[in-house]
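Please look through the sequence and the model below before reading on.

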Amino acid sequence: MKYSIECFVAANNHLGEGPVWDVREQVLYWVDGTGARIGNPSIWRLDPATGSTKHWTLGRDIGAIALRETGGALLALDDGFYLFDFETESLELIHYIEQNQPRSRLNDGKVDRRGRFFAGAMDDKEELKICGLWRLDPDLSVHKVEDGIICSNGPCWSPDDKTFYFADTFQQLMWSYDYNIELGELSNKRVFASTENETGFFDGATVDAEGCVWNALVIGGDLIRYRPDGSEDFRIGMPVKNITSINFGGPNLDEIYVTSMARVSHPATHENFEKQVKPQIGAGSLFRIKGLGIRGVEEPRFGG
């Protein structure tokens, strides 16, 4: 299999995450989750046709971004869900999340094909099972759908909407659930894959048009494609180890965009990052993979 990997934007993201390809604008959005901690912009936008980028600074942690049907964006910020206007840069609070857990902040999130936004929280010290997975409906009502989570990552759906995938990075498990697309409900939780025998940990994920699940192994540096039965199909070694998330893009949805993080210092209590004493060259960049001949699926917009 022939393919190419290029460093497309040397963004120096502290924690690049959550790439979302917008088929309407033919541009890519992503976030720098903890970039505000070192003065970096929070939201990035790339026009691959020109190579131009634009960014917005929020001054706080951000977990995920979703575009809205009515314009603007929905953000999962550290303490809750917000609406964001790209023109005025104004934020409008929808709902606080997990205010009783000062170590908890919202992390990865995605929209299902009925316009609902799912986002999970994480323990900022990556240690305790104190967090939940939340669903924000288009009517702006909020519902808790899972709990007992250390670090939420990789929510995504099979192309037929019958299966939901979700990972807890530091429990080293990815689960699959039966998904009721009409009600937005999860059932029949089972283990889909594990990183117990990997050097890396589950981070951001997406699903391709063939129903295979792609996950970025942070610390390990591999993109892994899993078949729908949870077995590994193949993997791609990336130029940096700290890859964080993945999304298909391009006019034909056959290009892969991969985010990464540059940070060395880390708030975690575990030892998984301790061996890294200096930044990896290129870490924090946005990478693009071309030539695989595999297509992704369109990312829906939030319906509210």
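## Charged pairs, a sheet and the spaces

Asp137 and Arg135 are both buried, where buried stands for a relative accessible area under 20%, exposed for one over 50%, and partly exposed for values in between, with a 1.4 Å probe and protein chains only. The model is a predicted one, in which local features need pLDDT of at least 70 and side-chain atom pairs count only at pLDDT 80 or more, whereas totals for chains, interfaces and linings use all residues. Residues are numbered from 1 along each chain as its sequence is written, and side-chain values use heavy atoms, with hydrogens and water left out.

Asp137 and Arg135 also form a salt bridge, a term that requires a side-chain nitrogen of Lys or Arg within 4 Å of a carboxyl oxygen of Asp or Glu. Across the whole structure, 25 salt bridges are found, and the table sets out some of them.

| Pair | Closest N to O distance |
|---|---|
| Asp137 and Arg135 | 2.7 Å |
| Arg190 and Asp178 | 2.9 Å |

Strands here are DSSP runs (E, at least two residues) numbered from the N terminus. Arg288 counts as buried because its relative accessibility is 11%, while Glu6, at 30%, counts as partly exposed.

How many residues apart in sequence are the parts that Arg190 and Asp178 tie together? Arg190 lies in strand E17 (residues 185-194) and Asp178 in strand E16 (residues 173-180), so the pair ties together parts that are 12 residues apart in sequence. Arg190 is partly exposed at 29% relative accessibility, and Asp178 is partly exposed with a relative accessible area of 29%. Elsewhere, salt bridges with shared partners join Asp208, Glu210, Arg225, Arg227 and Asp233 into one network.

Next comes the sheet. Four strands form an open sheet in the order E10-E11-E12-E13, and their pairing is antiparallel; two strands pair if DSSP finds at least two bridges between them. At the edges are strand E10 (104-111) and strand E13 (142-149), each of which pairs on one side only. Within this sheet, strand E11 (residues 117-123) is joined to strand E12 (residues 131-136) by 4 bridges, and Phe117 has Leu136 in E12 as its bridge partner.

The largest pocket has a volume of about 170 Å³, and among its 16 lining residues the closest to its centre are Val20, Leu67, Glu299, Pro300 and Arg301. Strand E2 (16-22), strand E6 (62-67) and E10 each give two or more residues to this lining.

There are 3 cavities of 30 Å³ or more in the structure, and the second largest cavity holds about 90 Å³ of space. The residues lining the second largest cavity include Lys110, Trp157, Glu299 and Pro300, and at least two lining residues come from each of E10, strand E14 (152-157) and strand E18 (201-207).

Definitions and conventions. On a 1 Å grid over the protein atoms alone, a cavity is a set of points where a 1.4 Å probe fits but cannot get out, and a pocket is an open set with protein on both sides within 12 Å along at least five of seven lines; lining residues have an atom within 4 Å of a point. Grid points are joined across faces, edges and corners, and a volume is the space filled by probe spheres set on the points.
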